[in-house]
Amino acid sequence: MASTDFAAGDARSRRLHADARGPAAPPEPEAKSWSNLHAPDARSASAASVPIAVGGRALKVFLSNPNAMFGVVFLSLVVLAALLAPVLYPADPLSMVARPFLWPGQNPAFPLGTDSMGRDVLSGILHGARISLFVGLVATALGLGFGILVGAAAGYFGGWIDDLLVRLIEIFQTIPSFVLLVVMVAIAQPTAPVVTVAIAVITWPTVARLTRAEFRAIREKDFVMAARSLGYGHARIIFREILPNALPPLIVTSSVMVATAILMESALSFMGLGDPNVVSWGSMIGAGRELIRTAWYLTALPGLAIVFTVLALNLIGDGLNDALNPRFSQER
Amino acid sequence: MSTLTRVGRTFRRTAIQAVPTVFGIVILNFFLLQLAPGDAADVMAGEAGSATVETMAALRQRFGLDNPLLVQLFNYLYNLAHFSLGFSPRYGMPVADLIGQRLPGTLLLMAVALAVAIVLGLALGSLMTVFAGRLPDRMLSVISLLFYSIPGFWIGLMLIVLFSVKLGWLPSGGSGTIGSNLTGLAGLWDKARYMILPALSLALFYVAIYARLTRAAMLEVQSQDYVRTAAAKGLPPAIITIRHVLRNALIPITTMAGMHVGGMLGGAVVVETVYSWPGLGRLAFEAVMGRDFTVLLGILLLSSLLVIVANATVDLLHAWLDPRVGVR
C-alpha cells in the first residue's frame with residue numbers, strides 16, 4: 001500500500017507542476033467544466049505519449065527487416081492464391097480431370113502433375129490454402145479472444161479469481177496439447193469448424209498466461225491508478241487503458257499462433273482427422289503417403305506449401321518481435 | 001541449507017501444486033469420455049454383432065452406466081484409484097496393460113529425440129553465439145527458423161524418400177528387423193538403424209528451439225562479470241565458452257526441455273504413425289481409427305501424468321544443481 005501512496009503522491013505533484021505551468025498555455029475549453037468525466041491528463045498519458053511515438057519507429061524497424069519483408073511478400077502470395085483459387089480453378093479440386101500420375105512438367109496443362117485419381121495437384125494446393133488460412137486465422141482469433149478475456153480477468157482482479165484461472169490454465173498446459181486435440185476432434189466429428197474450435201481450445205492458455213503477466217505489470221502503473229481514481233469501470237480500465245498497452249507481445253504471439261494452427265491442422269488432416277469434403281495440404285500428403293515409393297512429388301509439393309507458409313509467418317513473427325520488443329525490455 | 005533439505009522442500013512444493021492439477025485433468029477426462037458418442041454397452045453390443053434393447057439395458061445396469069452422473073464420476077475415480085483405466089473390447093485387454101506395453105517404445109523414442117535435439121541445438125546455438133551478428137549467425141538463424149516451420153510428419157516422409165527409397169541406407173518403418181535374433185552389438189545397431197529416422201524427424205523442431213535458446217542464453221551470460229574475469233586471467237576463448245558460458249546457459253535450456261515433454265508426446269503421435277513405430281502415439285492413432293475412446297482417454301490421462309512427472313523431475317534437478325532455486 002505504501003508504494004501506491006507514493007505513486008499517487010508522485011502523480012499529484014506532477015499535476016501541480018503542470019498546473020503551475022498552466023497559465024502560460026491558452027485555456028482549454030474543457031478546463032472550464034469539471035474534468036471528472038474527461039480526465040484529459042490521464043487519457044493523454046495512457047494513449048498519446050507511448051504507443052504513437054513508438055508505433056512509427058516499430059513500423060520502420062519492421063519494414064527494414066529483409067526476412068520479415070520476405071515473409072510478408074510470401075504470405076500475401078498465399079492469401080492471393082486462396083482468394084483466386086475459385087476463379088482460376090472453378091471446378092471442385094476433388095474431381096478427376098486428367099490421367100493419373102502425371103509428373104510435374106509432363107503436361108503443361110497440369111504444371112504440378114496429377115495424383116493417383118487424376119486430380120490436379122496445383123488446383124489442390126491453391127484450394128488447400130483456403131482451408132489452411134481459414135483454420136489458422138479463425139482459430140487464432142478465437143484463441144486470442146478467449147485467452148485475453150481469461151488472462152485479463154486473472155491479471156487485473158488477482159486474488160481468488162487469479163488462483164482459480166491460473167489452475168485452469170495450468171491444467172490445459174499440462175495436458176499434451178496435440179493428444180487433446182486428437183481426442184476432441186475424434187469425439188466430435190471432423191469438420192472444419194470443429195477442427196478450428198479445437199485448435200483454439202488448445203492455444204488459448206498461452207495467450208492467457210502472456211496477457212496475465214502483462215496485466216499484472218501494467219495494472220500497477222500510474223495511469224491505471226489515475227483511471228481508477230476517476231471512477232472508471234473495470235471493463236473500461238481493462239479494455240481501454242490496459243489492453244492497448246499489453247498488445248505488442250500479443251501481436252508477436254498471434255503470428256506464431258497462426259503458424260502453429262496451420263501446422264496442427266495439417267497434422268490432423270494428415271492423420272485422417274480433417275474435413276473429408278475439403279481438400280487440404282495435410283490430407284494431400286496423407287493421400288500421397290501410400291505412393292511415396294513411386295510418386296513422391298505428391299507428398300513433397302503440398303509439404304513445401306506448408307513449410308513456406310509457416311516459415312513466412314514465423315519470419316513475420318520474428319520481425320515483429322524485433323520491432324516491438326525493445327520498448328518492453330526498457331519499461332520492465 | 002543442505003542440498004537434501006532444498007530438494008525435499010522443492011519436492012513438497014511441487015507435490016502440493018500437482019494435486020489440484022491432477023484432479024482437474026481427471027475430471028476433464030471423465031467429461032470428455034461422457035461426451036464421446038456411444039458408451040461401453042454400445043461398443044460391446046457392436047462387437048457381439050447383435051443386441052436387443054433388453055440386453056443393452058442389462059449391460060448398462062451391470063456396468064453402472066444407467067447411474068446418475070455423479071455416481072458414475074465416483075465409480076470412475078474409484079477405478080482410477082485402483083489403477084484401472086477400463087477395458088478395451090477391441091484389443092481384448094485392460095487399457096492400462098495395453099498402454100504399459102506401448103509406453104517404453106515411446107519413452108525411448110522421446111529420450112533419443114530429446115538427446116539429439118539438445119546436442120544439436122547446443123552445437124548450433126554455440127556456433128551462432130561465436131559468430132553473433134555476422135553472416136554465419138544470420139544464416140543459421142534462418143535455417144533454425146526453417147526447421148521450426150517444417151511439419152514433423154512431412155520431414156519424416158521426405159527422409160524416407162531419401163534414405164530408404166533412393167539411397168536404401170535405412171529402414172522405412174518398424175522398430176527392429178522381424179525374425180532376426182541378433183544379440184549384443186549387432187542387435188543394438190539393428191535397433192539403432194530403425195531409430196535414426198524417427199528420432200531425427202521428431203527432434204528437428206526442437207533443435208531449432210534449443211539453438212535459439214542457447215544463443216540467447218549464451219549471449220546473456222557472456223556479459224557477466226565472471227566471464228570478463230576469466231578472459232582477464234588469460235583463459236583461452238574455447239575454454240571460456242565451454243566451461244563458463246555454456247555451462248551457465250544450460251539452466252534455461254533444461255527448464256524448457258522439461259516443458260517440451262508434452263509437446264514431444266504430441267509430435268510422437270504423428271511421427272509414430274509415419275514410421276509405424278510401436279508406441280503410444282501409434283496406439284492413439286489406432287484408437288482414433290477404431291473409435292476406441294476408452295483407450296484414447298487412457299492415453300490422454302497417462303500422458304498428462306507423464307508431463308507432470310517430467311516437470312517435477314526438472315524442478316528437483318534444478319533444486320539439486322542450483323543453490324539459488326530452493327531459496328524462493
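Trainee: How many residues of chain A are in contact with chain B, and what makes a pair count as a contact?

Mentor: On chain A there are 39 such residues, and they touch 46 residues of chain B; contact means heavy atoms within 4.5 Å. This is a predicted model, in which local features need pLDDT of at least 70 and side-chain atom pairs count only at pLDDT 80 or more, whereas totals for chains, interfaces and linings use all residues. Residues are numbered from 1 along each chain as its sequence is written, chains are lettered from A and ligands numbered from 1 in the order in which they are written, and side-chain values use heavy atoms, leaving out hydrogens and water.

Trainee: What area do chain A and chain B bury between them?

Mentor: About 3,900 Å² is buried, 78% of it on carbon and sulfur atoms. Buried area is the accessible area (1.4 Å probe) that two parts lose on being put together, summed over both. Of the area that chain A buries against chain B, A:Thr174, A:Ile187 and A:Met271 supply 16%, more than any other three residues.

Trainee: Why is the pair B:Arg212 and A:Asp318 called a salt bridge?

Mentor: The rule asks for a side-chain nitrogen of Lys or Arg within 4 Å of a carboxyl oxygen of Asp or Glu. The closest N and O atoms of B:Arg212 and A:Asp318 are 2.5 Å apart, so the pair meets the rule. Across the interface of chain A and chain B, one salt bridge is found.

Trainee: Which helices of chain A each supply at least two residues of the side that touches chain B?

Mentor: They are H5 (159–174), H6 (177–187), H9 (234–270) and H11 (297–331); a helix is a DSSP run of H or I with at least four residues. H11(A) gives the most, eleven residues.

Trainee: What joins A:Arg167 to A:Glu170, and where do they lie?

Mentor: Their side chains meet in a salt bridge at 3.2 Å, N to O. Both belong to helix H5 of chain A, three residues apart, about one turn of the helix.

Trainee: Which class holds both B:Asp225 and B:Arg228?

Mentor: Both are exposed. These two residues form a salt bridge, with their closest N and O atoms 3.1 Å apart, and both lie in helix H9 (residues 225–232) of chain B.

Conventions
Buried means under 20% relative accessible area, exposed over 50%, partly exposed in between (1.4 Å probe, protein chains only).
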